[in-house]
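Trainee: Please take one part of this model and go through it closely. I would like a single connected account.

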Amino acid sequence: MMTLAKKKFRYICIYLIRDQHIDKDQILAKFKHSLYTRISGIFGQIDFYNCNIRFVKINELPSEFIIIKCRLEFVDRVLLSIYLIPSTTLILNVSGTIKKMKKRILKISYDINDDDLLMEAM
Amino acid sequence: MKIIKTIDLGTRLVYSSKLVKSVKSMFDIDVLGFDFNKNYEYLFYNHENIIFRASCSSFKNAKKNNHNGGNFFLIGSVLDIYSMESISNVDILTIRDLHAVKSFFKKYGGKNIGMEYLLSDIRCFSDDKIGKWFSDMKWVYEQCTKYNFQFILSSGASRYYELLSSKVFNAFLLKITIEPKKYWNDLNNWLNDKRSLY
């Protein structure tokens with residue numbers, strides 16, 4: 001008898017640092033394009049499609065926080081590719097559920113919105 | 001209590017207690033390395049979870065200013081094939097050119113020097129160069145184990161957004177085929193050795 005194992009996913013939370021001169025949708029579109037190009041460039045097209053990357057929209061979170069959903073087995077590849085995009089992003093957390101992720105983001109959002117820290121980043 | 005600490009020895013950020021706290025809570029990095037020349041005014045306080053990096057020339061000055069003696073320093077240098085003399089008394093060497101390393105292992109083996117690679121350097125590499133970098137790192141790690149060097153990966157962050165979380169560090173280590181637990185354990189032991197000699 002054939003069993004169908006349920007695919008496991010992970011949620012990666014990243015923070016896109018705003019540039020006041022560029023529209024936020026434009027920043028996100030540019031980020032998506034860079035990420036897809038980087039993953040397929042480093043790990044190849046097969047792994048890129050196997051990663052099953054989706055961008056999850058959560059209304060309660062500020063637009064700077066972006067949630068990326070991907071297959072558990074490929075989470076390291078996605079993390080590396082995000083880091084290896086020369087853009088102003090912070091990789092904040094990896095979680096198994098959206099609920100846990102939201103809880104964690106609310107906990108650290110105070111730090112991330114700290115003006116002193118962002119001064120360093122800009 | 002966490003026994004094995006996660007460490008990012010190579011940042012070029014300016015110290016603030018808020019920064020250290022935030023890095024701990026957001027990125028799960030316990031110990032941060034700061035450049036002494038950028039942060040000398042903070043020597044008056046004792047910092048348990050930070051390490052100062054001084055160059056050979058500024059180390060004497062750093063020790064003199066370390067009034068309460070509670071801070072820990074590592075002497076660091078960037079590997080330059082044209083001035084190998086300065087290498088013998090350093091704790092940690094930052095490698096930017098892989099070609100320079102090949103002749104280096106046999107000559108300086110057994111001195112327990114830390115060999116540091118900065119991840120910020122590879123962010124702007126092309127895809128094929130990144131592939132080569134991973135393969136080179138695998139070779140370097142093997143040589144480090146063979147000749148008793150401490151292999152070190154650091155962020156090299158000069159901006160806040162160049163910092164990495166422990167999960168991203170582990171992803172890099174796994175891709176170089178290094179077991180993360182072993183890496184953090186070895187790095188902790190190496191730092192403890194250096195601390196005991198300091």
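**Strand E3 of chain B, then the contact between the chains**

Mentor: In this predicted model, B:Phe34 has B:Phe52 in E3(B) as its bridge partner. That pair belongs to the link between strand E2 (residues 31-35) of chain B and E3(B), which run parallel and are joined by four bridges. E3(B) also pairs with strand E4 (residues 73-78) of chain B, again in the parallel sense, over three bridges. There, B:Arg53 has B:Leu74 in E4(B) as its bridge partner.

Strand E3 (residues 50-54) of chain B is mostly covered, with five of its five residues buried. The cover extends to both faces: B:Ile50, B:Phe52 and B:Ala54 are buried on one side, and B:Ile51 and B:Arg53 on the other. In general, side chains in a regular strand alternate between the two faces of the sheet. Chain B brings 24 residues to the contact and chain A brings 22 residues. On the side of chain B that touches chain A, the elements giving two or more residues are helix H1 (17-27), helix H5 (127-147) and helix H6 (166-175) of chain B. H6(B) gives the most, with six residues. By class, this side of chain B has 13 nonpolar, five polar and six charged residues.

H6(B) packs against helix H2 (residues 75-83) of chain A at an angle of about 110 degrees, and the two axes are 9 Å apart. H2(A) and H6(B) are therefore roughly perpendicular to each other. From H2(A), the residues in this contact are A:Asp76, A:Leu79, A:Leu80 and A:Tyr83; from H6(B), they are B:Lys167, B:Val168, B:Ala171, B:Phe172, B:Leu174 and B:Lys175. Sorted by class, the contact of these two helices has seven nonpolar, no polar and three charged residues.

Within H6(B), the buried residues are B:Val168, B:Phe169, B:Asn170, B:Ala171, B:Phe172 and B:Leu173. Their cover comes from both chains and includes H2 and strand E4 (89-95) of chain A, together with strand E7 (150-154) and helix H7 (180-197) of chain B. Just after H6(B), B:Thr177 takes a positive phi of about 60 degrees.

On the chain A side, H2(A) also packs against helix H1 (residues 24-51) of chain A: their axes come within 9 Å and cross at roughly 165 degrees. H1(A) and H2(A) are therefore roughly antiparallel to each other, and H1(A) passes H2(A) in a left-handed crossing. H1(A) contributes A:Leu35, A:Arg38, A:Ile39, A:Ile42, A:Phe43, A:Asp47 and A:Cys51, which meet A:Arg77, A:Val78, A:Ser81 and A:Ile82 in H2(A). This contact divides into seven nonpolar residues, one polar and three charged.

E4(A), already named in the cover of H6(B), belongs to an open sheet of four strands in the order E2-E3-E1-E4 (chain A), with antiparallel pairing. Strand E2 (54-56) and E4 of chain A are the edge strands, and each pairs on one side only. Direction ignored, neighbouring strands of this sheet are turned by 30 degrees against each other on average. E4(A) pairs with strand E1 (residues 9-16) of chain A in the antiparallel sense over six bridges. A:Ile12 stands opposite A:Val94 in E4(A).

Note on methods. Residues numbered from 1 in each chain as written. Chains lettered and ligands numbered in written order. Predicted model: local features only at pLDDT ≥ 70, side-chain atom pairs only at ≥ 80, totals over all residues. Contact = placed C-beta atoms within 7 Å. Nonpolar A, V, L, I, M, F, W, Y, C, P; charged D, E, K, R; others polar. Axes fitted to C-alpha atoms, helices over the stretch in contact; angles between N-to-C directions. Parallel < 35°, antiparallel > 145°, perpendicular 65-115°, else oblique. Buried ≥ 20, exposed ≤ 12 C-beta atoms within 10 Å, placed from the backbone. Left-handed = near helix turned anticlockwise from the far one by under 90°. Pairing = 2+ DSSP bridges.
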